[in-house]
Amino acid sequence: MRFSRAGYCLQALPVILACSLLLSCENDLKKVQEISAREASKPVDRTIDVEITYSDSAKVKATTTAPLLLKHTGAKPYYEMPNGVKIIFYENGKPVNTITAKRGIRRETEGVTELHKNVVATNDKGDVFKSEELIWNETEKKIRSNQPVQIIMSNGDIINGTSFESNESFYPYKIKQSTGIFNVKENPALQ
């Protein structure tokens with residue numbers, strides 16, 4: 001039997017084409033997976049001007065308002081409030097403190113709300129808390145921050161610290177590595 005070189009080339013051509021198609025499919029498959037991952041991380045629901053009420057035993061404990069709420073799905077679903085958020089805590093039907101932030105994330109399955117960027121909280125005593133982060137654990141009813149915090153007390157005293165922990169009413173609180181500026185009144189009887 002005699003084979004010509006042209007015969008070998010014609011027989012090899014389909015094999016070469018099949019290999020090149022498989023190799024190009026592998027690259028396309030990676031691109032498809034990347035696109036799919038990006039699409040999966042996009043929010044499914046978008047709600048404008050939202051108000052969420054948290055209650056326990058038919059008593060309002062807190063309300064959250066945000067101009068935009070994005071619901072993300074996936075293995076660990078979460079809600080994002082990228083355009084600002086305001087939380088008001090209530091005790092016995094009366095507001096006791098307020099927190100505002102430029103960005104918020106609520107992880108419903110964990111019962112945690114994270115507030116980031118220019119976080120300002122005010123308690124019913126008039127003390128103002130400032131930080132770049134506050135984390136509200138709804139289950140433990142605790143608020144904490146691992147970022148520097150400043151508290152401007154209603155009497156003008158200022159406390160700075162490296163971290164913060166408190167209950168939902170922001171009193172009492174613990175601050176690590178605290179420093180401060182305290183107003184001291186002179187006692188005329190001691191002079």
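Alanine 121 is buried (under 20% relative accessible area; over 50% is exposed, in between is partly exposed; 1.4 Å probe, protein chains only), with a relative accessible area of 0%. The model is predicted: local features need pLDDT of at least 70, side-chain atom pairs count only at pLDDT 80 or more, and totals for chains, interfaces and linings use all residues. Residues are numbered from 1 along each chain as its sequence is written, and side-chain values use heavy atoms, without hydrogens and water.

Alanine 121 lies in strand β7 (residues 112-123); strands are DSSP runs of E, at least two residues, numbered from the N terminus. Threonine 98 is 23 residues away in sequence, yet the C-alpha atoms are 5.4 Å apart. Beyond four places in sequence, the contacts (heavy atoms within 4.5 Å) of alanine 121 include Thr98, Ile99, Leu134 and Phe170.

The structure holds five salt bridges, each a side-chain nitrogen of Lys or Arg within 4 Å of a carboxyl oxygen of Asp or Glu.

| Salt bridge | Closest N and O atoms |
|---|---|
| Arginine 103 – glutamate 80 | 3.5 Å |
| Glutamate 114 – arginine 107 | 3.0 Å |
| Lysine 142 – glutamate 165 | 3.8 Å |

Lysine 142 is in strand β9 (residues 142-145) and glutamate 165 in strand β12 (residues 163-167), 23 residues apart. Lysine 142 is partly exposed at 38% relative accessible area, as is glutamate 165 at 33%.

Note on methods
Helix = DSSP H or I, 4+ residues; strand = E, 2+ residues; numbered from the N terminus.
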